[in-house]
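User: Got a model here I'd like to go through with you. Can we take it helix by helix?

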Amino acid sequence: MKLNLQLITAAVLSLGGLVLLFCGVYIAPQGEIHNSLLVAFGELATFAGALFGIDYTYKIKNRK
């Protein structure tokens, strides 16, 4: 159960980060959130998702 939650969290962080990166680069700013903030948070979320995914992969390999 814990590993499934980790995998879901990794996927959501990665996809959310990619969406924010897309929004920060290709959509013109219409409010108070600056593009650089969206890009920075998108990069952080994508990196965190990748780390969760790598950790998940090694935990699965060690179980076998």
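User: Which residues of α1 are buried?
Analyst: In α1, the buried ones are L3, Q6, A10, G17 and G24. Buried means under 20% relative accessible area, exposed over 50%, and partly exposed in between, with a 1.4 Å probe and protein chains only. Helices are DSSP runs of H or I, at least four residues, and strands are runs of E, at least two, numbered from the N terminus.

User: Before we go on, what are the ground rules for this model?
Analyst: This is a predicted model: local features need pLDDT of at least 70, side-chain atom pairs count only at pLDDT 80 or more, and totals for chains, interfaces and linings use all residues. Residues are numbered from 1 along each chain as its sequence is written, and side-chain values use heavy atoms, with hydrogens and water left out.

User: Fine. What covers the buried residues of α1?
Analyst: The cover includes α2, residues 35–63. Contact here means heavy atoms within 4.5 Å.

User: And for α2, which residues are buried?
Analyst: L38, G42, A45, G49 and Y56. Their cover includes α1.

User: How do the axes of α1 and α2 cross?
Analyst: They come within 7 Å and cross at roughly 155°. Therefore α1 is roughly antiparallel to α2. The axes are lines fitted to C-alpha atoms, for helices over the stretch in contact, and angles run from 0 to 180 degrees between N-to-C directions. Under 35 degrees counts as roughly parallel, over 145 as roughly antiparallel, 65 to 115 as roughly perpendicular, and the rest as oblique.

User: Is the crossing left-handed or right-handed?
Analyst: α1 passes α2 in a left-handed crossing. Left-handed means the near helix is turned anticlockwise from the far one by less than a right angle; clockwise is right-handed.

User: How do the residues of that contact divide?
Analyst: Into 18 nonpolar, ten polar and four charged, for the contact of α1 with α2. Ala, Val, Leu, Ile, Met, Phe, Trp, Tyr, Cys and Pro count as nonpolar; Asp, Glu, Lys and Arg as charged; the others, Gly among them, as polar.

User: Switching to lengths. What span should α1 have?
Analyst: At 1.5 Å a residue, the 25 residues of α1 (residues 2–26) should span 36 Å. The end C-alpha atoms are 36 Å apart, which agrees. The expected span is 1.5 Å times one less than the number of residues.

User: How far does α2 reach?
Analyst: 42 Å from first C-alpha to last, over 29 residues. That is close to the 42 Å expected.

User: Now single residues. Where does T9 lie?
Analyst: T9 is in α1. T9 is partly exposed, at 31% relative accessible area.

User: What about Y26, buried or exposed?
Analyst: Exposed, at 62%. From Y26 to G53 the C-alpha separation is 27 Å, and they are 27 residues apart along the chain.

User: And A48, where is that?
Analyst: In α2. A48 is partly exposed, with a relative accessible area of 26%.
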